[in-house]
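Take a look at the complex below. We will walk through it step by step.

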Amino acid sequence: MLLDTELRYAGMNQAYLEVTRRRREDLLGRPIMQEYDGGPGAGAAENARRLLASFQKVLSTGQSDSMAVLHYPILIDQPDGTKTYDDRYWSCTHTPVKDDSGRVTHILQNTNDITELERLRRQVGKLRPQEMPSALDSLIGGGMFRRAMSVQADNRRLEIERRQLQDMFMQTPGFVAVLNGPEHVIQMHNGAYGQLIGHRDVLGRPIREALPELAGQGFYDFLDEVLATGEPFQGRQSPVQIQQTPNALLATRYLDFTYQPIRNDAAEIIGVFVQGHDVTESVIAAERQKLMIDELNHRVKNTLATVQSIAMQTARSHDDPRTFAETFQSRIMSLSHTHDLLTRSHWEGADLREVLEHETTAHGLHRLTLNGPNISLDPAMAVSLGMIFHELATNAAKYGALSAGDGRVLVDWSIADLNDPHLAIRWRETGGPSVSQPERRGFGSRLIERNVRHDLAGTVQMHYRDDGFIAEITIPLNKEAA
Amino acid sequence: MTKALQGRRVLIIEDESLVAMLLETILDDMGCEVIGPDSNIDDGLKSATTEAVLDAALLDVNVAGREVFPVADALKARGVPFVFSTGYGEAGLPEHWRGHPTIQKPFTEGAIRDALMKAMNISLA
């Protein structure tokens with residue numbers, strides 16, 4: 001007898017019709033579980049459940065399943081036109097019928113009516129104590145029958161273990177799949193595997209057809225090789241381009257995985273066990289960390305070179321080690337302050353006013369007037385402007401407005417030209433001694449000029465006037481456009 | 001001090017002004033004439049291709065977020081010797097440029113002089 005995958009009759013032979021006393025045209029296309037409901041009485045549901053479980057096992061595993069003894073009363077048409085249940089015992093084997101791609105299309109049921117045998121066995125059981133099997137008992141198959149019963153019990157136990165094992169596979173956080181035969185038909189996979197492949201319906205399909213995007217990525221070849229050689233294959237952080245969303249671009253994932261051969265009782269390799277983890281997140285984190293370490297190294301070395309430069313240039317303008325140490329130290333501290341500001345914002349930037357305040361508070365807040373809108377500086381601009389303001393403030397304290405009692409510094413800034421925004425800063429000193437252009441340009445003013453021009457792509461003008469020093473700095477805010 | 005580099009015209013490409021000033025001072029002490037310093041790749045490429053006389057160049061590898069290699073290619077095509085300067089040392093260079101004279105930040109005058117002389121194939125013998 002043949003069933004389709006919906007468990008409807010697809011065909012049967014004459015013997016089946018005779019045993020069941022039914023007509024072919026009454027059965028074809030009908031669901032078997034409706035035609036035979038397990039009979040009357042308390043055992044009916046269990047009888048039906050066992051039969052259905054066997055069919056489902058064949059459908060899900062693609063392997064045949066046997067039931068040594070199935071108690072299954074069936075309805076029989078009596079000659080007088082009535083229907084009565086006939087108590088029957090069956091021994092049956094359910095074998096999958098597959099198409100070219102390995103998909104189960106039908107179930108072939110080979111049934112033997114063993115009712116007579118069972119009745120005989122029961123009668124013998126009544127005649128003699130159960131523990132002393134007779135020759136007759138053995139002869140008519142009591143021994144065979146017991147063996148069959150014990151196989152049945154074993155099968156049930158194995159079935160439970162198999163289900164527990166499968167539950168473990170299904171729930172493990174790693175991905176798991178079982179591939180069957182030379183075409184690597186996907187026989188089962190767990191939820192993690194389903195997630196990896198974007199929850200496509202791949203069961204019962206060869207891998208080349210089920211996951212076509214893997215072509216040319218080496219995975220098919222590794223599988224073929226495991227099947228051919230029996231040697232397991234291991235992948236570490238292997239990149240895979242995989243379809244995780246329908247119609248979207250392929251996603252790149254990184255996988256740790258193993259392919260292990262599955263052998264049958266004859267030690268022949270019949271499939272591949274796939275098991276692994278998606279390690280994309282940790283691969284990306286490691287890449288990010290490497291980038292950060294490289295960037296850190298770059299910054300540290302550049303900062304050291306900057307400090308080296310400050311030391312060398314400061315040394316050239318100070319013969320006295322004491323004044324050298326003082327000036328050098330204050331320049332390093334200024335650099336360090338700006339770094340502190342940037343660290344607070346995780347190196348995203350700093351506010352212009354805060355940079356100014358940091359560099360000038362040492363000279364007394366009341367002597368400086370800072371006036372302008374909030375302007376966010378990127379880290380490089382903040383570092384440059386920090387050094388520039390430090391030099392301006394130091395010069396003011398040494399020679400300018402902050403060197404005398406009443407002098408003041410007014411710092412105004414604004415943004416000009418909104419189409420091509422420029423930051424205009426004016427540093428104006430008042431109330432100090434009259435100043436004149438120095439004969440030799442010191443490191444401080446060279447640093448200011450170079451920094452504005454070189455690092456900030458801006459311009460600076462310094463005016464030494466009788467009523468005080470003025471510096472006018474213009475910096476493009478959109479460096480790409482500059 | 002040797003005057004082997006006296007009067008040489010040396011291009012500097014370096015995005016940090018303080019580091020550029022240091023290089024300038026060191027080259028100045030060696031008697032070199034400094035071209036630049038250029039703080040970005042575009043200016044550097046212009047100097048590398050349009051400066052009539054260039055004897056050598058000092059190239060920072062990472063210039064304001066861009067790599068200096070187009071300038072290196074242009075100098076190589078002109079036959080102008082050059083030295084890379086980088087925080088990473090030679091390990092920061094792509095395969096292609098490994099083994100090229102390189103100075104690592106922070107640097108000493110001696111290291112700069114030796115690297116330049118190596119690049120220019122000048123020996124003191």
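How many residues of strand 6 (residues 82–86) of chain B are buried? Five of its five residues are, so the strand is mostly covered. Here, a residue is buried if 20 or more other C-beta atoms lie within 10 Å of its own, exposed if 12 or fewer, and partly exposed in between, with C-beta atoms placed from the backbone. Strands (E, at least two residues) and helices (H or I, at least four) are DSSP runs, numbered from the N terminus.

Before going on, note that this is a predicted model: local features need pLDDT of at least 70, side-chain atom pairs count only at pLDDT 80 or more, and totals for chains, interfaces and linings use all residues. Residues are numbered from 1 along each chain as its sequence is written, while chains are lettered from A and ligands numbered from 1 in the order in which they are written.

Now return to strand 6 of chain B. In a regular strand the side chains alternate between the two faces of the sheet. On one side sit Phe82(B), Phe84(B) and Thr86(B). Val83(B) and Ser85(B) are on the other. Both faces are covered.

What does strand 6 of chain B pair with? Strand 3 (residues 56–60) of chain B runs parallel to strand 6, joined by four bridges. Two strands pair if DSSP finds at least two bridges between them. Asp60(B) stands opposite Ser85(B) here. Strand 7 (residues 102–104) of chain B also pairs with strand 6 in the parallel sense, over three bridges. There, Thr86(B) stands opposite Gln104(B).

How confident is the predictor in chain B? The average pLDDT, a confidence for each residue from 0 to 100, is 88. At least 70 is reached by 96% of the residues.

Turn to chain A. Its secondary structure comes to 15 helices and 19 strands. Of its 482 residues, 26% count as buried. Helix 14 (residues 379–398) of chain A has 20 residues and reaches 29 Å from its first C-alpha to its last. That is close to the expected 28 Å, which is 1.5 Å times one less than the number of residues. Because 16 of its 20 residues are buried, helix 14 of chain A is largely enclosed by the rest of the structure.

Finally, see where the chains meet. The contact takes 15 residues from chain B and 16 residues from chain A. Two residues are in contact if their C-beta atoms, placed from the backbone, lie within 7 Å. Helix 1 (residues 17–29) of chain B gives the most to chain B's side, with seven residues. For the complex, the predictor gives an ipTM of 0.87 and a pTM of 0.59.
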